[in-house]
Amino acid sequence: MAETRKVYLDHSATTPADPRVVEAMLPYLTEKFGNASSVHYFGQEARAAVDKARREVAALIGARANEIVFVSGGTEANNLAIRGICEAVVGDASRSNKGHVITSSIEHSSVRGICEALEKAGKGAWEITRLPAYEEGIVRVEDVRDALRPDTVLISVMLANNEIGTIQPLEEIGALVREERIRGRRHLWLHTDAVQAAGRIPVNVETLGCDLLSLSAHKLYAPKGTGALFVRRGVRLTPQNVGGHQEREKRAGTEGVTGIVAFGTAAKLAREEMAQRSQHDQRLRDRFEAGLSKRVEDIVFNGDRARRLPHLSNISFRFIEGEGLLISLDLQGVAVSTGSACSSGTLEPSPVIRALGRNDELSRGAIRFSFGKDNTDEDLDYVLEVLPRVVEKLRALSPLNKVSSFEFQVSS
Amino acid sequence: MPYSLTFKDHIANPRNAGDLPDANASGEETNPVCGDRMRLSLRVREGRIEAAGFLAYGCPPTLVCGSILTELIVGKTVEEALRLTRKDLLDAVGGLPSRKQHAAALAIETLKAALASGGGAPTFPT
């Protein structure tokens, strides 16, 4: 029997490391193994590599090298940003010990989790406002303005959503924060989780006007385990990892030189190849959506279809549940993801899809397809052949799209 | 959670899928917590289940429990089928993590509802 074709359409979950990235990082496992904090030759060789990577990552987002703090990934970056700011503010004697954070209802689970933890901690010291994202999956700047309170210290809104890819109006929120500062407001910072956006659309911290921005290496064709937080010069935050002087006192712990070198190389490649990659992904994505619309009925596209990342498509398949579809596709070699409750291990379906106002059935039937630079037209042809068959098979099993004939039978 | 090959096979090739056209007993149940739903139709002749058909909406364990349930009950007498427990079904599935065991409970409840619909087991209209 022929081997099943494997098609990976889950690039928003993670990407394969680019061979050029692997090649660049490998020497730092063996001959260039030094600790970047050591004074000797080996240490300085590692230090130089870390500094170079820092410049590359900074260049990807229009920042200065010394504004980049390397961490273990997007989740840690979000923790350091949000908890770091909130704890720094609590320590500020000029403020009352109560604070307010504005975020969106469609944040990544890490930001959601951090905000929930803040709410529970310290006897109501922190209040969180979660902005609606409406049917299009995009927050509105006027809602941010309305939510602002005298004790608001942080606005944390993602740059692009991880499930539906919608791009949030960060520039406008940044302008609002700037306006507030001109009016004399102190203690208000803007954080954005750019993990999904970086490398896929242009990201520039000056244009966005943000003070903190989270990045993850493995979404840009580098290995897992490395991320970065942009911390604008002059912004004070409380480190979450203490016990060392690394990363300008913002993140203690020996630098993961290999991962950092890989991240730097991947950031450089992403900057150089972004236009070409985005065009490639978007062409495949658009072909996919057009082809699927012709072949499968009763599907609903989730999120604004214009203001979204070029590589991602989120679709609800009516009458069926997402994980059954995911497993059926997996058996055919096609890898996708779902926000269905089963996959996430909770009883509630995706809060992101729910936030768009979708009912339970549509929320449970939502599937994310995310394309990448190595996907081909042949991959897509295969998916367009397999997916309609699998959907049809599962729908044949569903009681939701059939009129029950039981009532009169039972009563007869 | 990693699913077994048997499990995946039932997802890819569900047994006895669909409503039986000549059923004389049927039941439908919904799990109020997660919204999973199952429908079972049976053809019962002389106290024995001759054929079964199921429809299910919900997470994969629910689909698989429906499929395996139909395999278990076809050929059984109504009395034997009534004695089937959640645990019997879980054993046949090869076990499920505790938070997925409601799928087996839903299947057994649907079976009981279907068997009761025939005017009370073991007499069925033909």
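Analyst: Let's start inside chain A: 23 residues of domain 1 of chain A are in contact with 26 residues of domain 2 of chain A. A contact here means that the C-beta atoms of two residues, placed from the backbone, lie within 7 Å. Bear in mind that this is a predicted model, where local features need pLDDT of at least 70 and side-chain atom pairs count only at pLDDT 80 or more, while totals for chains, interfaces and linings use all residues. Residues are numbered from 1 along each chain as its sequence is written, with chains lettered from A and ligands numbered from 1 in the order in which they are written.

User: Which elements of chain A make up the side of domain 1 that touches domain 2?

Analyst: Helix H8 (257-295), strand E10 (312-317) and helix H11 (351-355) of chain A each supply at least two residues. H11(A) gives the largest share, 3 residues. Those names come from DSSP runs numbered from the N terminus: helices are H or I runs of at least four residues, strands are E runs of at least two.

User: Where do the bounds of the two domains of chain A lie?

Analyst: Domain 1 is 7-15 + 274-397 and domain 2 is 19-269. The bounds come from an automatic or database domain assignment, and the C-alpha centres of the two domains lie 28 Å apart.

User: What makes E10(A) largely enclosed?

Analyst: A residue is buried if 20 or more other C-beta atoms lie within 10 Å of its own, exposed if 12 or fewer, and partly exposed in between, with C-beta atoms placed from the backbone. In E10(A), 6 of the 6 residues are buried, so the strand is largely enclosed by the rest of the structure. Both faces are covered: Leu312(A), Asn314(A) and Ser316(A) are buried on one side, and Ser313(A), Ile315(A) and Phe317(A) on the other.

User: How do you know that E10(A) pairs with strand E13 of chain A?

Analyst: Two strands pair if DSSP finds at least two bridges between them. E10(A) and strand E13 (residues 366-370) of chain A have 5, in the antiparallel sense, so they count as paired.

User: Why is Tyr134(A) called partly exposed?

Analyst: Because Tyr134(A) has 15 other C-beta atoms within 10 Å, it falls in the partly exposed class. Tyr134(A) sits in the loop between strand E4 (126-131) and helix H5 (141-147) of chain A, and its phi is near 60°, a positive value in a residue other than glycine. Most residues other than glycine have a negative phi. In chain B, Asn16(B) has a phi near 55°, also positive, and is partly exposed with 18 other C-beta atoms within 10 Å.

User: What makes strands E1 and E3 of chain B edge strands?

Analyst: The open sheet has 3 strands in the order E1-E2-E3 (chain B), paired antiparallel. Strand E1 (25-30) and strand E3 (48-57) each have a single partner strand, so one side of each is left without a neighbour in the sheet. E1(B) and strand E2 (residues 37-45) of chain B share 6 bridges, and Glu28(B) stands opposite Arg39(B) in E2(B). E2(B) and E3(B) are joined by 9 bridges, with Val44(B) partnered by Ile49(B). These two strands form a hairpin with 2 residues between them, and Glu46(B) in the turn has a positive phi of about 50°. E3(B) is mostly covered, with 7 of its 10 residues buried.

User: Which elements of chain A supply the side that touches chain B?

Analyst: Contact links 21 residues of chain A with 23 residues of chain B. Helix H9 (322-331), helix H10 (341-344), helix H13 (377-397) and helix H14 (406-411) of chain A each supply at least two residues, and H9(A) has the largest share with 5.

User: What confidence does the predictor give the complex, and what does chain B average?

Analyst: The complex gets an ipTM of 0.89 and a pTM of 0.92. Chain B averages a pLDDT of 89, with 91% of the residues at 70 or above; pLDDT is the predictor's confidence in each residue, from 0 to 100. Over residues 119-123 of chain B the pLDDT is below 50.
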